[in-house]
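The structure comes up next.

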Amino acid sequence: MTLLPTQLASDIDSNVEHTNDSIATPLSAETVYEDIASLTEIKKSIDPNAIILAEALIDKAIGWRIHNCKVNEKTITQDLPLPFLYHYDSLEDVIKQANPLTTKLLSQFDTMMTASEAAKLIGIDAALIAQPWHVKVTGSLVVFSEALQLAVRLHWSNTGKATQQIYTQNQADALVAAFKDWHFFGRVDVLYKNDKQTLISIDEENVDDNPFISFAASSDYQYLPATHALTVMTKLEANKAELPWFEAAILERVE
């Protein structure tokens, strides 16, 4: 049964806490040529009416919409310590020349400390050491197509590190700077309710090892294995400039 336009969004919300952690089903051996030599040959073996997940997500003609973009964790502070090396490197050259590295300072290069502690160690006024903003924001969103009856839950962040250090005068500018190079990461979940078309994921990094996964229509999210999730995220990252709805939703949420 085809869902009304409002029903898929409702199902997306109702299944947020009901992800099916079972992996989608690999296609049978009969579906795949035994000696596939390339990704092109792989795609020739697929039903031409099937939806290929990663390619569908970058198809601008589909009319994707963003649902439930939210922040899961947010850190913006100047109070976290950094290795002494970071503090020293941030000094202006004239200050470094007046305060060259000594054996004592070199021995502290990896020691975590605040800017004021580093200033005390060097023997300078704390105001001479810039205090970076430590920024880390992670979140999730669901991109969905009513026409395909397909929703995909993704996760995003400004950095894969504990925090990203941004040297700006104020917090707002630090947040803007941090999200100039945001990225997708982590797990990917698929909610597919279309029983009229086959949905397929291809692990493009392992084309010699039966790289197909098919999705049966389901009322629950299905977990995408890590290598397949990587294919999806790699495609999205390579095409981010052509998919502005992702960045628009994320920036609206983090500002």
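## Salt bridges

Asp189 and Arg153 meet through their side chains in a salt bridge, at 3.2 Å from N to O. The term salt bridge stands for a side-chain nitrogen of Lys or Arg within 4 Å of a carboxyl oxygen of Asp or Glu. Asp189 sits in strand S9 (residues 183–192) and Arg153 in strand S7 (residues 150–157), so the pair ties together parts 36 residues apart in sequence. Helices (H or I, at least four residues) and strands (E, at least two) are DSSP runs, numbered from the N terminus. Both Asp189 and Arg153 are buried. Buried means under 20% relative accessible area, exposed over 50%, and partly exposed in between (1.4 Å probe, protein chains only). Salt bridges with shared partners join Arg153, Arg187 and Asp189 into one network.

The model is predicted: local features need pLDDT of at least 70, side-chain atom pairs count only at pLDDT 80 or more, and totals for chains, interfaces and linings use all residues. Residues are numbered from 1 along each chain as its sequence is written, and side-chain values use heavy atoms, with hydrogens and water left out.

How many salt bridges does the structure hold? There are four. Three of them are tabulated here.

| Pair | N to O distance |
|---|---|
| Asp189 and Arg153 | 3.2 Å |
| Lys60 and Glu242 | 3.4 Å |
| Lys240 and Glu237 | 3.1 Å |

The Lys60 and Glu242 side chains form a salt bridge. This pair links distant parts of the chain, 182 residues apart. Lys60 is in the loop between helix H3 (53–57) and strand S3 (65–77), while Glu242 is in the loop between H9 and helix H10 (244–254). Glu242 is partly exposed, at 43% relative accessibility. Glu237, the partner of Lys240, is also partly exposed, with a relative accessible area of 28%.

## Strand S10 and its partners

Strand S10 covers residues 199–202. Leu199 and Ser201 point one way from S10, Ile200 and Ile202 the other, and all are buried. Strand S2 (residues 51–52) runs parallel to S10, joined by two bridges. Pairing requires at least two DSSP bridges between two strands. Ile52 stands opposite Ile200. Strand S11 (residues 212–215) runs antiparallel to S10, with four bridges. Here Leu199 stands opposite Phe215.

## His228

Is His228 buried or exposed? His228 is buried, with a relative accessible area of 6%. Helix H9 (residues 226–238) holds His228. Leaving aside neighbours within four places in sequence, His228 is in contact (heavy atoms within 4.5 Å) with Ser201, Ile202, Asp203, Pro211, Phe212 and Ile213.
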